[in-house]
Each structure stands twice: as C-alpha cells, then as structure tokens.
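Take a moment with the sequence and the 3D view first.

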Amino acid sequence: TEAFAARARSPKPGSEELTAATSNREAPGVARIHFRRSAQSIDCSPQTTVLEAAESLGLQIDYECRSGICGQCITRLLEGQVDMQHHDALSPVDRDRGFILACQARP
C-alpha cells in the first residue's frame, strides 16, 4: 500500500520550479522548455514530460510516483501550455495558480 499525505502546494526550495513550455518556431513539431532557475533550455518532442526534460539536463525536480497522484513534482508554469493526462494531485485552485505536475506535463 501507498499513502500520500497532503502538504502545502509550493515547489521545494532549490528545485527547478519555474518553467516555460512553448513551441519552437524554428522547428515545427518541437517544443522548447525553459527552466528559469537554472536558465537552461531544451528542445524536445511534445511527448517528453517536463520531468524527463529536466533530468536530461541534470536538473533537480523532486518526484516519486511518476503517475500524477503524489504531488512531489509540483512546479509552476510561467508561460506557454502543457497537457497533463493525469493531475489528481492538483486541486482546481492549484491549477488556477499555474501549478503543474512535471511528471505528467507535456509541452
């Protein structure tokens, strides 16, 4: 069994908490994810999750379940759009405030 406890909704200090996901105008069908805290960007497939993109750059985003239910990978989307197939760990208020789950968010 797994049990997840509720916690305050904010990224942990030191995690890569601010991102932007946009289409890459120079390369149609490619998404660009910019991580604000580290000032790093990566071009990737729209099927790549924000967490996978961060990991490929060696950036730290906490995670546990990778299925959108624990909320450990919560991060804020500053601009652009993402699609999340599962976002059970986010309340409507979280989504309104721009929080996403990096393990599920795809640009």
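Let's start with a cysteine: the sulfur of Cys103 sits 3.6 Å from its closest cysteine sulfur, in Cys73, which is too far for a bond. Cys103 is buried, at 7% relative accessibility (buried means under 20% relative accessible area, exposed over 50%, partly exposed in between, with a 1.4 Å probe and protein chains only). Cys65 has its closest cysteine sulfur in Cys70, at 3.6 Å, again too far for a bond. Cys65 is partly exposed, at 21%. Searching the whole structure turns up zero disulfides, a disulfide being a pair of cysteine sulfur atoms within 2.5 Å.

A word on the model: it is predicted, so local features need pLDDT of at least 70 and side-chain atom pairs count only at pLDDT 80 or more, while totals for chains, interfaces and linings use all residues. Residues are numbered from 1 along each chain as its sequence is written, and side-chain values use heavy atoms, with hydrogens and water left out.

Now for the charged pairs. There are two salt bridges in the structure, meaning a side-chain nitrogen of Lys or Arg within 4 Å of a carboxyl oxygen of Asp or Glu.

| Salt bridge | Closest N to O |
|---|---|
| Arg32 and Asp43 | 2.8 Å |

Glu55 is partly exposed at 33%, and Arg66 is partly exposed at 35%.
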